[in-house]
Every structure is written in structure tokens, then in C-alpha cells.
Amino acid sequence: MRPPLRLGRLARALCLVLLGMGLAACDGARSLPGPSQGVLRIALDSRPTNLDPRFALDANSSRIAQLIFNGLVRYDERSRVAPDLALSWEQPSPTTFIFHLRPGVRFHDGRPLTAEDVVYTYTSLLDPELASPKRGSYRGLQEVTALDSLTVRFTLSAYEAPFLGNLSLGILPRPAPAGDARAREGMRTFPPHADQRQLIGTGPFRFARWVGDDALELRANRDSFEGPPKLAGLLFRVIPEQTVSVLELENGGIDLIQNEVAPDLLPRLRRNPALRVVTGPGTNYSYFGFNFTDPILRRWEVRAAIAHAIDRRSIIRHLLRGLAEPATGLLSPLNWAYDGEVATYPYDPARARALLDAAGFPDPDGAGPAPRFRLHYKTTQNDLRQRIALVLQEELAEIGIELQVRFFEWGTFFADIARGNFQLYTLTWVGVRDPDIYYYTMHSASEPPQGANRGRYRSAPLDLLLERGRAAGTLEERRAIYSEVQRLVAAELPYVSLWYSTNIAVMRTTVQGFRLHPAGDFMSLREVELRAD
Amino acid sequence: MRRYVLRRLALTIPAVLGVMTVVFLTLHLIPGDPVESMLGEMAQAADKAALRRQLGLDAPLHVQYLRYLGRLAQGDLGRSLSTREPVLAAIARTLPATILLTVVSLAVAILLAVPLGILAAARHNTLYDHGSMLLALLGISMPNFWLGPLLIIFFAIELRLLPVSGFGGAAHVVLPALTLGSALAAILTRMTRASVLDVLGSDYLRTARAKGLRELLVLFKHALANALIPLVTVLGLQFGALLSGAIITETIFAWPGIGRLVIQAIQGRDFPLVQGCVLVIALGYVLVNLVVDVLYVWIDPRLRLAAEEESEP
């Protein structure tokens with residue numbers, strides 16, 4: 001009987017393979033630090049793709065890069081430009097800025113920060129060879145010159161008001177000349193394989209290591225010019241499933257989740273005595289976008305009718321569990337340029353029906369099933385978005401508009417929206433800071449691929465205002481112009497403003513001192529400490 | 001036998017090539033622009049065009065395809081569009097975790113299914129049989145994305161026996177492997193039961209019993225050996241399901257494997273990375289089936305003879 005012998009051999013081979021794999025998996029380097037070593041563990045839903053500030057585009061990369069690097073300036077909580085590595089600056093002519101660096105700042109490797117590092121950071125950013133995705137935002141930057149070791153001059157080809165905010169880009173140390181090419185190649189690759197010595201900044205935390213593909217460790221920078229952080233370090237763990245990260249939090253496997261919590265899970269989390277839930281106003285803006293090339297949607301009455309048909313308060317209360325505030329425009333009340341005195345469209349189905357009648361779209365059978373007209377609405381497959389879409393479908397049916405809802409995978413959805421292949425869609429603007437975002441989203445010169453005027457909306461008075469806003473010198477001048485912009489946009493309705501998402505953080509009660517930043521940044525981690533359980 | 005293996009190996013080439021062509025075409029035909037996802041919306045049109053040129057995405061589709069095949073022939077899978085990391089390096093980093101997960105899942109499935117299947121067959125039409133079949137039904141019916149969190153809640157949250165998620169010591173692999181292996185275990189249990197039932201009435205087993213062999217020995221040594229043949233076939237076919245199941249399981253358990261990598265790559269329209277991952281998965285599937293075919297011939301001497309005859313010139 002030979003087969004049993006072979007079965008034995010097979011089993012032995014399988015055991016050997018398993019043993020080998022098991023040993024490989026139990027790699028000692030995998031041991032992750034935790035609260036007992038003073039390390040705060042934070043869940044992220046996706047892996048940061050690149051921590052180099054010149055490449056960091058996704059939210060997680062940008063937020064972590066902010067902890068490692070400092071810029072010349074930073075945005076404060078009202079999105080105003082505030083000093084960071086620069087102590088002060090002056091503007092001798094409209095196209096020249098002179099920055100005075102903070103003395104005594106050192107990089108994580110001990111080297112002092114000088115004007116040459118600032119020159120290097122911006123010159124490398126503008127180098128087409130580097131192919132930085134952020135190069136386009138600095139197209140007006142002509143020259144960066146070190147005047148002395150702590151003074152640097154920026155010369156622009158033409159003045160643009162948002163330029164100053166762009167100088168929040170993290171400053172990197174200038175590499176030794178021979179290291180230039182290597183640095184360039186290294187920084188373009190994913191951090192675990194980059195020359196990690198290049199991830200050196202001046203920020204409160206320094207890059208320590210990637211643990212495998214799914215965890216990133218930062219250590220406190222004891223010599224930070226803003227004073228040492230209270231924590232010994234941070235550990236970011238990539239956990240794609242929100243339910244699982246919540247379970248990890250409950251189980252003590254992580255200490256903090258910010259904004260990546262489904263509203264439905266909140267009641268359960270609030271009941272847990274080991275956890276604390278903190279909420280605060282946010283700047284992320286959700287809106288309903290129209291395509292102006294569509295003959296029906298070009299009519300203001302139709303857009304206003306849709307705006308009046310949406311019961312935003314009810315959606316916020318029931319679907320978002322109260323975690324949003326009704327929006328009036330792209331800029332939230334937290335923004336320095338916000339103006340809330342604009343046209344609003346409260347829930348009023350009767351008014352919506354009257355507007356549609358006036359526009360020449362009578363309901364063919366009154367309360368019967370036949371619609372006035374049919375519209376196609378695109379959104380993503382995100383669970384919450386799907387539920388919101390179904391509510392919108394119901395609400396528009398109330399006023400006689402048949403909404404055909406299509407759910408798409410993100411890449412497909414976004415490509416369609418950018419190409420203008422839609423009638424209606426909803427999206428969220430994340431990280432709104434400078435009011436110049438209106439130029440990018442609504443100026444007639446900003447149609448894709450030049451910008452994000454996806455609805456192909458054209459308004460000569462708005463174009464003029466946005467150009468003036470870009471050229472304006474003082475904050476007061478800009479504030480007045482953008483007040484007008486907000487009123488005009490609210491009146492003409494290229495977007496129906498839906499809501500500003502409320503920021504939320506859920507943490508273990510051992511975490512002390514965490515404050516929510518309106519833009520969802522991690523800046524307050526510097527002041528966080530861990531209390532013993 | 002060697003000729004048989006070589007011929008089967010040669011047949012894998014058109015299969016893998018076919019898969020790669022379909023993947024290449026699908027990726028390039030579905031909407032979504034990798035340059036858009038890399039540079040973001042804020043980028044200037046000229047920068048987007050330059051990057052498109054730099055990545056060779058401006059060439060006609062057939063030229064891109066031929067270039068891709070040319071590079072593939074040299075073993076070059078290209079670089080990830082989003083991170084610029086060589087695709088091979090990204091795969092090498094994540095593949096071991098996936099292999100570990102699938103191999104352990106396979107082992108879990110076999111270790112659960114074979115005894116349960118034999119028990120069900122030996123105690124045919126008893127409570128054991130019905131119980132095993134009920135378990136198998138549950139295993140097949142429960143989707144991974146539901147079973148995973150359920151196991152986490154029970155074993156990690158309630159009992160605090162195992163970690164919730166992540167990759168680390170041996171304890172980390174238990175729940176993902178149970179989740180991934182459950183459906184396969186269910187199928188194998190039913191297969192084992194049917195095969196063992198099939199051979200239980202055979203003459204050679206009656207002889208074994210007549211010789212006075214203990215029942216356990218009869219079942220595990222004599223009945224199982226012959227019942228194993230259809231089981232091995234199913235194992236090979238189900239390996240593909242295991243790999244696709246790994247994609248979901250890895251996402252649930254934050255397991256840093258190739259499944260999670262491919263999901264991120266698809267979302268970012270990272271063509272070379274998706275192509276590389278699919279190539280590796282397809283190769284894995286084809287190779288496992290090749291191994292199964294060879295094992296099949298090796299286990300069953302009748303087939304070996306047939307294979308040898310077939311490969312005679």
C-alpha cells in the first residue's frame with residue numbers, strides 16, 4: 001500500500017512550509033511600541049503614499065508630513081497665514097517677499113536651518129525633473145535667493161495673493177552636492193525604499209521607521225524649536241476597515257481615531273467608559289454640483305427648486321447623526337473670509353414646485369407618477385453616500401423630478417465628473433483654506449483640465465471678482481471681495497451647498513490634551529500626553 | 001512524467017499571456033486617469049501632459065501594450081505610478097504575507113474538513129453527519145466580510161484571546177486564516193464525506209476489516225488514501241477562490257498582503273502595479289494547478305501510467 005506513505009510525505013512537506021512561514025511571520029522587528037513606552041497609536045484608513053512635503057498629496061501623507069516638517073509659514077485655525085520657520089517677512093515690492101528665518105532651529109540630524117535649505121527646497125520643487133505634483137501651484141515663483149544665512153528672498157513673475165499660503169510647504173535640508181541625484185530619486189519613491197535619511201525636517205516628530213507595509217513610527221524630536229513633545233513617539237497603523245479600527249480602539253490596540261468613524265457607530269462608542277468622543281466644527285464642504293451645459297440645469301429656477309427640495313437638516317439629523325452643520329458656501333464660518341449673509345434655500349417643497357412651474361416644467365399629472373423631467377445623478381459606492389442618494393431621490397420625487405441614481409467606483413466616478421460627463425453629482429471639498437479656491441472651482445478659465453470648474457459654469461461678474469481677489473494686497477481688501485463672491489455664488493447656485501462635516505475624534509480616556517483642528521490636522525499631537533490606565 | 005510536466009508548463013504560457021492581455025485592456029479601457037490621481041486636480045495641464053509623456057501613457061494603446069510585453073519578457077514589471085517604487089519590490093514586500101495567509105488557510109481548511117468529512121461519512125445519517133453538514137452549510141453561506149468581524153468580536157473583543165487585526169506573531173494569523181479558510185473547509189468537508197462514502201463499500205475495505213484492522217486505521221489509512229484523489233482536484237480549483245478571498249480578508253484584518261496592495265492600486269489607477277499583482281496572482285493560480293495535476297498523477301498510479309503513455313513519442 002504505497003499511497004499512505006505518500007500522504008505522510010505530503011503532510012511533512014506541508015508542515016515544513018508552514019513552520020518556515022510561521023518563523024518568517026514572527027519577525028522580531030514587527031514588535032510595535034505602545035502606550036507603555038509613551039507611544040500614542042493612531043489608526044489611518046489608508047497608507048500614506050509619500051511623506052516628502054513636495055509630493056505629499058493625500059490627506060494622510062500631508063498630515064503626517066506636517067508633524068515631521070515645518071514651513072516658512074503655517075495656516076492658523078482660521079486659515080490665516082501665521083509665522084512658522086519664518087519669524088517675520090516684508091514685501092518691498094508687489095512681486096518680492098523677504099523672509100527672516102527663526103535663529104537656532106535645527107534639523108533632526110542636528111544641522112542648523114539656513115536660508116540655503118529654503119532655496120534648495122523651492123528650487124528642487126520647481127525642477128521639472130523632480131516631477132513634483134505641486135509644481136503647478138508655484139508657477140508664479142521666479143527666483144529664490146539666500147541674502148544671508150537667515151534671510152531669503154522670493155521673486156514672483158506676477159503677484160498672486162494665495163502665494164503666501166503656499167509657503168507652508170515643509171522645508172527640507174539641502175543635501176550634500178553629490179547626494180543630489182540620489183536624493184531626487186529617493187524622494188520620488190515610496191518611503192520604505194527611499195533613502196530614509198532624506199526624511200529629515202525640523203518638526204516636533206522625526207521619522208523613525210516603517211514597520212512592514214502597514215505601520216509607521218515617528219519619535220519625538222526633543223530639540224524641537226517649539227519645545228519637546230510630551231509623547232515619546234507616534235505609531236500610525238493602517239487599518240482600512242472602519243469597523244475593525246473601532247474594534248481595535250475598544251480592545252486597546254490603538255489609542256485614537258480621527259474622522260474615520262461611521263456615524264452609526266457613535267452611540268456604541270459613547271457608551272464605552274474606556275473611550276472619549278470629542279467633536280468640533282470642520283471645514284470639509286459637501287455640495288451638489290450641476291452641469292451648466294445641460295439645457296434644463298442651466299435654468300436658475302430648476303437649480304433653486306432642487307435647492308429648496310433638499311431637507312438638509314433632516315439628512316444631517318438622521319443619516320449623519322448630527323455630525324455636520326448646514327453650509328452656506330465653500331468657506332466655512334471658521335474661515336477668516338467667511339460671509340454668512342448670503343441667499344439660503346430652506347426646505348420648502350411648495351416653493352420648489354412653484355419655481356419649476358414658473359420655469360415652464362409643469363407636472364403632467366399633478367401628484368401622479370409621471371415626472372416633470374428626469375435627471376441622472378452620479379455618486380460613489382460609499383455606503384453613506386448611497387443612503388444620502390436615496391433620500392435625495394425621494395425628496396426630488398416630491399417636487400416631480402425623477403432622479404436616476406448611479407453609483408460608481410471612485411476612479412470611474414471621478415473621471416466622469418472631470419470630463420463633464422454628468423448632470424448632477426455630489427462631492428466634498430477637503431482642506432479648504434484660501435478663498436482663492438473659488439477661482440479654481442468657478443472661474444471660467446478653470447474648466448478641466450485647467451482647474452475644477454467641472455460644471456462648466458460661466459459668470460463674467462464672478463470672473464472679474466475672482467481676478468480682483470487674486471490681485472488684492474491686504475486681507476481687508478480680499479475679505480470685501482470674497483464677501484461679494486460668496487453672495488454672488490449663493491445667488492447664482494453653481495453648487496447647492498449641503499453641509500460642513502463636523503470633525504470627530506474617538507480616543508481612549510488615557511489620551512490627554514488632544515484638540516481637534518478644523519482641517520483635521522494632527523498638530524495638537526505635540527501637546528498630547530498618555531496617562532496611566 | 002517529465003515530458004508531462006514540461007508540456008503542462010508550456011501550456012501555462014498562453015494562459016498567463018491571455019490573462020495579462022485582458023487585464024491590460026480592461027485597465028486601459030475603464031474610465032479613470034492615473035495622471036489625474038497622481039498629480040491631483042491642482043496640477044497644471046502642461047505638467048499633466050509632461051507626466052503622461054514621461055510615463056509613456058500618451059502612446060497609442062497597441063504601442064503601450066507591445067512595450068509592456070517587451071518589458072515583461074525582460075522580467076521588468078515597471079514602476080508603480082503613484083510611488084515610483086519598482087513593482088517587483090512592492091510585490092516582494094507584500095507577497096510573503098499573502099502566501100502565509102493562504103497557506104495557513106489551506107491548512108486550516110484541510111485540518112477541519114478531512115476529520116469532519118470522515119466523521120460524517122463513517123457516522124452516515126447520524127447526528128454527527130447532520131451536524132458536520134450543517135457546519136459546512138454555514139461555512140459556505142457566510143461571506144468573509146461578515147464572518148471576519150464576527151470572529152473578531154468573539155475571539156478578540158469578548159474572549160480577548162487573539163489580536164483584532166494586523167500582522168505580527170503567530171496569533172495574528174489565526175482569525176484571518178479561519179475567515180479565509182472557512183468556505184474552503186466547507187467545500188472540502190462535503191467532498192471528503194462524499195468520496196469516503198463512495199469507497200466505504202469497496203471490497204478492499206471489507207478485506208481490511210476482515211483482516212481485523214481497527215476502524216480508525218481502515219478509515220484514515222485505507223479509505224482516505226483513495227478518497228483523496230477528488231479532494232486534490234478541488235483543492236487546486238479552489239486555490240483561485242482562496243486568492244480572491246484573500247483580497248477581502250486582508251482588507252478586513254489590515255493584513256499587509258498583495259490583496260490590499262491591489263485594491264489600493266486599482267483605486268489609484270496604478271496600471272503597472274495592478275498588472276504586476278494580477279500577473280503574480282495568475283501565475284500562482286496556474287502553478288498551483290500544475291502542482292495539483294502532478295500530485296494527482298503521483299497519488300493515483302493509474303493516472304501516472306496514462307500520463308506516461310500519453311507522453312511517449
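Domain bounds here come from an automatic or database domain assignment. For chain A, that assignment gives domain 1 (7–52 + 203–280 + 504–530), domain 2 (73–166) and domain 3 (285–501). The model is predicted: local features need pLDDT of at least 70, side-chain atom pairs count only at pLDDT 80 or more, and totals for chains, interfaces and linings use all residues. Residues are numbered from 1 along each chain as its sequence is written, chains are lettered from A and ligands numbered from 1 in the order in which they are written, and side-chain values use heavy atoms, with hydrogens and water left out.

Start with domain 1 and domain 3 of chain A. Their C-alpha centres lie 36 Å apart. Ten residues from domain 1 and eight residues from domain 3 make the contact, where contact means heavy atoms within 4.5 Å. About 690 Å² is buried between the two domains, and carbon and sulfur atoms give 60% of that area. Buried area is the accessible area (1.4 Å probe) that two parts lose on being put together, summed over both. On the domain 1 side, A:P263, A:D264 and A:P518 lose the most area to domain 3, together 55% of what that side buries.

Next come the cavities. A cavity is a set of points, on a 1 Å grid over the protein atoms alone, where a 1.4 Å probe fits but cannot get out. Points are joined across faces, edges and corners, and a volume is the space filled by probe spheres set on them. The whole structure has six cavities of 30 Å³ or more. Lining residues have an atom within 4 Å of a point. At least two lining residues come from each of α13 (437–442), α15 (475–492) and β18 (495–501) of chain A. Helices (H or I, at least four residues) and strands (E, at least two) are DSSP runs, numbered from the N terminus.

Now two single residues. A:S124 sits in helix α3 (residues 115–126) of chain A. It counts as buried because its relative accessibility is 11%; buried means under 20% relative accessible area, exposed over 50%, partly exposed in between (1.4 Å probe, protein chains only). Beyond its neighbours within four places in sequence, A:S124 touches A:R54 and A:L130.

A:A370 lies in the loop between α10 (349–358) and β15 (373–380) of chain A. A:A370 is partly exposed, because its relative accessibility is 29%. Outside the four places on either side in sequence, A:A370 is in contact with A:D363, A:P364 and A:D365.

Note on methods
On a 1 Å grid over the protein atoms alone, a cavity is a set of points where a 1.4 Å probe fits but cannot get out, and a pocket is an open set with protein on both sides within 12 Å along at least five of seven lines; lining residues have an atom within 4 Å of a point.
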